[in-house]
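Trainee: I would like to learn how to read helix packing and domain contacts from a model. Where do we begin?

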Amino acid sequence: MPIVLQVYNTLSRKIEPFEPVNSGKVLMYVCGPTVYDYSHMGHARTYVAFDVIRRYLRLMGYDVLYVQNITDIDDKIISKARNEGVDWREIVDKYTKDYLDALDKLNIKVDIHPRVSEHINEIIGFIQILIDKGFAYVAPSGSVYFNVDMFEDYGKLSGYKEKSLWDQGEYVEEKRHPYDFALWKAAKPGEPWWESPWGRGRPGWHIECSVMSTKYLGKQFDIHGGGTDLIFPHHENEIAQSEAALGLKPWVKYWLHTGMLTIKGEKMSKSLRNIFTLREAFKKWKPEVIRLWLAKAHYRKILSFSEESLYEAEKLYNKLANAVNMLKKIIKENISFKLDEDQIKTLRELSNVRKEFYNAMNDDFNTSLAFSQMVRLSTIAFKEIIPSENYTLAVKALQLFEEFNKIFGVLDSHLHEVGIFANIKELVDLIVEVRSILRKEKRYELTDYIRDKLNSLGIKLYDEKEKTTWRFY
Ligand code: AMP
Ligand code: ZN
């Protein structure tokens with residue numbers, strides 16, 4: 001089992017040791033949504049997977065900067081606005097809000113959320129570099145295209161080396177080759193436009209990610225992610241644009257791709273009319289249950305959506321939450337610190353759970369195995385710790401729940417006071433120790449004050465001749 005983090009890199013098609021470009025810092029970029037409709041479970045699959053990866057890298061001690069773009073200029077947005085007879089910005093605002101609200105509910109943190117419409121000048125500047133270097137050309141309409149034949153590494157990410165595989169799904173006569181792709185699209189009547197050296201128009205899709213990642217993360221960075229649906233042409237085109245313009249290889253060190261979320265064997269996608277939106281899902285299940293269901297699947301696996309599997313996840317969530325709450329109760333009510341033989345065995349088992357959890361995460365973020373250790377922890381809690389009512393074991397188990405939850409992020413509401421409970425013994429011991437000194441000095445006004453104050457906080461002191469003991473009541 002790996003002791004250092006290993007990740008599967010789509011670019012090399014191999015598992016590689018993870019070593020960031022700058023030691024101690026991880027720069028990551030994940031392709032975000034095109035905001036023309038409600039976010040669905042498929043989106044959440046990718047966003048939760050990368051949130052887990054971000055959290056794990058943080059737990060390992062890396063300083064992580066995480067950027068996820070919002071595509072707010074796109075053909076689909078324009079056509080939706082036209083169909084509904086509203087301004088395109090109205091569409092963008094409505095679905096951006098829905099997306100950000102879903103992230104918030106799913107306990108996902110992103111550091112920077114750049115929007116295409118706010119980076120037009122940078123995009124124009126980047127395209128100009130590509131034209132100046134001979135990688136792009138301006139067509140008669142005023143659109144600008146990337147000349148794929150000029151970039152000799154084209155196909156290295158997808159493995160599509162044959163030109164016959166390079167179809168971009170963009171049928172425009174003025175392109176020099178059918179597989180060239182648009183960097184800038186000349187404005188058509190009724191469409192939003194911005195001024196550019198090539199006339200009025202708007203950016204193509206792929207260029208935004210090259211430009212915005214470079215702006216916030218620099219010319220070379222560590223992790224670029226998205227679903228496997230984006231490997232070709234989107235990520236292939238991003239590499240071509242970026243390596244052509246910036247002149248550094250590799251532009252991105254590790255390419256990570258999430259397996260698709262499917263429903264009845266098909267990719268969940270708006271265009272296939274089979275989406276289960278997150279706003280619908282939140283009506284049926286707590287966000288923690290949805291997050292748990294997504295986070296416990298290994299990020300590279302295809303994940304099949306069914307309502308039954310979410311109800312199963314709900315049971316698991318309840319099991320974990322119950323274990324945490326019962327352990328908290330032990331800490332509040334019992335002050336039995338001594339461990340017998342069996343309890344020492346349990347302590348060793350807990351340390352084994354922790355070791356296996358990290359082995360799993362280091363193995364290309366194997367959350368599926370790591371989560372099984374979290375479930376094992378709850379089983380140990382129910383079978384061995386809760387019946388024994390032992391404080392030391394309860395604290396240890398809760399600390400492990402806290403540690404694992406830093407990655408899974410599903411038990412925050414149950415764990416928020418645990419840090420205090422775990423330290424409370426040390427704190428009360430300290431106060432009692434100081435009070436014993438005051439007792440010896442016969443400063444009874446102060447010792448009585450401390451006793452009464454602790455009493456009002458639910459902690460009872462028992463003064464014996466030489467020492468004082470305490471317990472919660
Ligand atoms: P889109 O709005 O379709 O451009 O997708 C935004 C992000 O969600 C991209 O990283 C996609 O790869 C990802 N995504 C979209 N649909 C799915 C799905 N069914 N399963 C997993 N990821 C998806
Ligand atoms: Zn992208």
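Mentor: Begin with the angle classes: under 35 degrees counts as roughly parallel, over 145 as roughly antiparallel, 65 to 115 as roughly perpendicular, and the rest as oblique. Keep in mind that this is a predicted model.

Trainee: At what angle do helix 1 and helix 12 pack?

Mentor: The angle between helix 1 (residues 41-59) and helix 12 (residues 391-408) is about 135°, and their axes lie 7 Å apart. The two helices are therefore oblique to each other.

Trainee: Which residues make the contact?

Mentor: Helix 1 contributes Val52, Arg55, Tyr56 and Leu59, while helix 12 contributes Glu403, Asn405, Lys406 and Ile407. By class, the residues of this contact are 4 nonpolar, 1 polar and 3 charged.

Trainee: Which domains does the assignment give?

Mentor: The assignment lists domain 1 (6-304), domain 2 (307-422) and domain 3 (424-472). The centres of domain 1 and domain 2, taken over C-alpha atoms, are 37 Å apart. Their contact involves 30 residues from domain 1 and 28 residues from domain 2.

Trainee: How is the size of an interface often given?

Mentor: It is often stated as the accessible area lost when the parts come together. Here, domain 1 and domain 2 bury about 2700 Å² between them, with 64% of that from carbon and sulfur atoms. On the domain 1 side, Tyr56, Trp285 and Leu292 lose the most area to domain 2, together 26% of what that side buries.

Trainee: How many salt bridges are counted between domain 1 and domain 2?

Mentor: The count is 2 salt bridges. As for individual side chains, Lys284 and Glu307 form a salt bridge at 3.0 Å, N to O.

Conventions: Residues numbered from 1 in each chain as written. Chains lettered and ligands numbered in written order. Predicted model: local features only at pLDDT ≥ 70, side-chain atom pairs only at ≥ 80, totals over all residues. Heavy atoms only, no water. Axes fitted to C-alpha atoms, helices over the stretch in contact; angles between N-to-C directions. Helix = DSSP H or I, 4+ residues; strand = E, 2+ residues; numbered from the N terminus. Contact = heavy atoms within 4.5 Å. Nonpolar A, V, L, I, M, F, W, Y, C, P; charged D, E, K, R; others polar. Domains from an automatic or database assignment. Buried area = accessible area lost by both parts, 1.4 Å probe. Salt bridge = Lys/Arg side-chain N within 4 Å of Asp/Glu carboxyl O.
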